[in-house]
2 protein chains.
Amino acid sequence: MTPEALGPPSERVRLRRGRLRGHYGDATIRHVLETGIIAHVGVSTDEGPIVLPMAYGLETEWLFCHGSVANAMLRSAIDQEVCVTVTLLDGLIVGRSPFHNSATYRSVVIRGIARRVEDPSERLRALQLIADHVVPTWDSGRRPTREELARTLVVAVPLREASAKIREGGPLDEPSDLDGPHWGGTIPLKSTFGGAVPAPDLKAGIAVPPSVAKLGGRTAFGRG
Amino acid sequence: MTPEALGPPSERVRLRRGRLRGHYGDATIRHVLETGIIAHVGVSTDEGPIVLPMAYGLETEWLFCHGSVANAMLRSAIDQEVCVTVTLLDGLIVGRSPFHNSATYRSVVIRGIARRVEDPSERLRALQLIADHVVPTWDSGRRPTREELARTLVVAVPLREASAKIREGGPLDEPSDLDGPHWGGTIPLKSTFGGAVPAPDLKAGIAVPPSVAKLGGRTAFGRG
């Protein structure tokens with residue numbers, strides 16, 4: 001993602017609260033999006049907003065999601081404003097006043113108009129990016145068939161309007177509490193991948209792909 | 001939450017795709033909501049939907065969120081349709097075809113009209129529920145001041161319209177792939193709390209509250 005791709009943050013993604021926690025820089029946004037696994041995608045419908053967890057893939061200027069062509073939520077997103085939010089939870093914050101209990105996290109909010117991806121080569125590229133963002137196995141697996149492609153809806157959300165918010169450090173307690181009797185601090189949260197578990201119906205003699213095997217024991221979400 | 005509180009699922013939270021993964025039962029919904037730490041809250045605005053991560057608290061029939069009285073997103077939610085989604089990521093799914101790469105997860109989607117909580121005792125109760133849902137330290141910490149309460153907006157979302165979706169097990173590959181040469185399976189993801197880290201400015205001699213200390217080494221999100 002070039003800085004030009006993101007451009008200056010627009011007013012509607014500029015953080016109104018917690019200004020100091022906002023990061024509009026390319027590198028921070030890219031880091032959070034690359035490190036996350038699931039996005040929460042929101043669309044407005046006649047019956048109110050709907051927010052669903054989705055896998056996603058990233059290109060320089062676009063974030064891709066996919067689903068069945070019958071996926072009502074994804075269909076309703078086409079040519080409409082959407083919001084895509086990726087949150088990495090890093091820990092819990094314990095305030096001297098529990099009123100200030102909170103969490104350490106890194107998040108990115110993207111707003112923009114989703115478009116249906118129709119070009120066959122862009123569609124295939126988007127599906128590869130989504131699959132490889134989950135686990136990079138595209139090159140070691142079977143390619144999608146014409147039929148699979150036909151029943152799949154791919155949408156792209158521009159990365160032009162995005163902002164990141166990083167909450168790290170300890171509790172933001174009232175100055176008057178610092179001499180009080182209450183404890184304050186943080187509880188880190190660490191996520192780790194376990195070893196690969198073969199599908200129950202896996203044929204004997206098929207080796208775990210290296211890109212899968214190497215995840216075992218690794219921390220997720222970029223935090224050791 | 002009584003079954004009556006949830007009632008039968010309405011048409012708009014009934015899962016249209018992946019029907020077999022939907023759970024409308026009280027216990028499953030309650031489990032996911034109690035186990036999650038962060039919710040993604042979506043509202044529709046004139047400029048499109050906005051989705052933000054938020055801490056939350058739970059009562060029998062309500063989910064509570066809070067923020068500054070100046071929080072534009074939370075203000076825009078009052079008396080409007082909102083969607084609150086809680087997702088617990090349990091692992092990654094590797095398809096024989098990477099087209100089927102996916103994730104194991106548990107999620108709950110709640111839709112309803114948010115109301116501003118005005119009653120002082122309900123507000124205090126909601127703040128306790130939110131604080132204790134992060135870490136149960138309400139009883140060992142300082143209570144909020146009148147000033148803190150005055151600058152805080154609390155909203156309640158009814159739990160009446162909620163559904164859960166559980167994706168577990170291995171990849172859902174095409175039957176024709178089962179005899180193929182490609183690996184398929186899952187990679188579990190486990191999240192663990194580390195030991196409590198005191199705030200840099202913590203006064204000497206203050207013990208870690210038992211409710212904080214006991215989290216150290218425990219798995220988060222209800223998965224060992």
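Two strands pair, in what follows, if DSSP finds at least two bridges between them. Strands (E, at least two residues) and helices (H or I, at least four) are DSSP runs, numbered from the N terminus. Some conventions next: this is a predicted model, in which local features need pLDDT of at least 70 and side-chain atom pairs count only at pLDDT 80 or more, while totals for chains, interfaces and linings use all residues. Residues are numbered from 1 along each chain as its sequence is written, chains are lettered from A and ligands numbered from 1 in the order in which they are written, and side-chain values use heavy atoms, with hydrogens and water left out.

Start with chain A. Its open sheet has four strands in the order 4-5-9-8, and the pairing is antiparallel. Strand 4 and strand 8 (115-116) of chain A are the edges, each with a single partner strand, so one side of each has no neighbour in the sheet. Inside that sheet, seven bridges join strand 5 of chain A to strand 9 (residues 152-158) of chain A in the antiparallel sense. A:Cys65 stands opposite A:Val155 in strand 9 of chain A.

Chain B also has an open sheet of four strands, ordered 4-5-9-8 with antiparallel pairing. There, strand 4 (57-58) and strand 8 (115-116) of chain B stand at the edges with a single partner strand each, so one side of each is left without a neighbour. Strand 8 of chain B meets strand 9 (residues 152-158) of chain B over two bridges, antiparallel, and B:Arg115 is opposite B:Ala156 in strand 9 of chain B.

Back in chain A, strand 6 (residues 81-94) pairs with strand 11 of chain A, antiparallel, over four bridges. A:Ile93 has A:Thr186 in strand 11 of chain A as its bridge partner.

Now salt bridges, meaning a side-chain nitrogen of Lys or Arg within 4 Å of a carboxyl oxygen of Asp or Glu. Over all chains the search finds 20 of them. In one, the side chains of A:Glu59 and A:Arg125 meet at 3.6 Å, N to O. A:Glu59 is in the loop between strand 4 (57-58) and strand 5 (62-68) of chain A, and A:Arg125 is in helix 4 (residues 120-134) of chain A, so the pair ties together parts that are 66 residues apart in sequence.

How are the two copies related? Superposition is by least squares on the C-alpha atoms of residues with pLDDT of at least 70 in both. Chain B is laid on chain A with an RMSD of 0.0 Å by a turn of 180° and a shift of 0.0 Å along the axis. The copies are therefore related as by a two-fold rotation axis. In chain B, B:Ser191 has the C-alpha nearest the axis, 2.0 Å from it.

That residue brings us to strand 11. Strand 11 (residues 185-193) of chain A and strand 11 of chain B run antiparallel and are joined by five bridges. A:Ser191 stands opposite B:Ser191, and A:Phe193 has B:Leu189 as its bridge partner. Strand 11 of chain A is also joined to strand 12 of chain B, antiparallel, by two bridges; here A:Gly185 is opposite B:Pro198.

Last, the contact as a whole, where contact means heavy atoms within 4.5 Å. Chain B gives 92 residues and chain A gives 92 residues. Buried area is the accessible area (1.4 Å probe) that two parts lose on being put together, summed over both. The two chains bury about 7,600 Å² between them, 63% of it on carbon and sulfur atoms. Which three residues supply more of the area that chain B buries than any other three? They are B:Phe99, B:Arg142 and B:Trp183, with 11%.

B:Arg142 also forms a salt bridge with A:Asp177, the closest N and O atoms being 2.6 Å apart.
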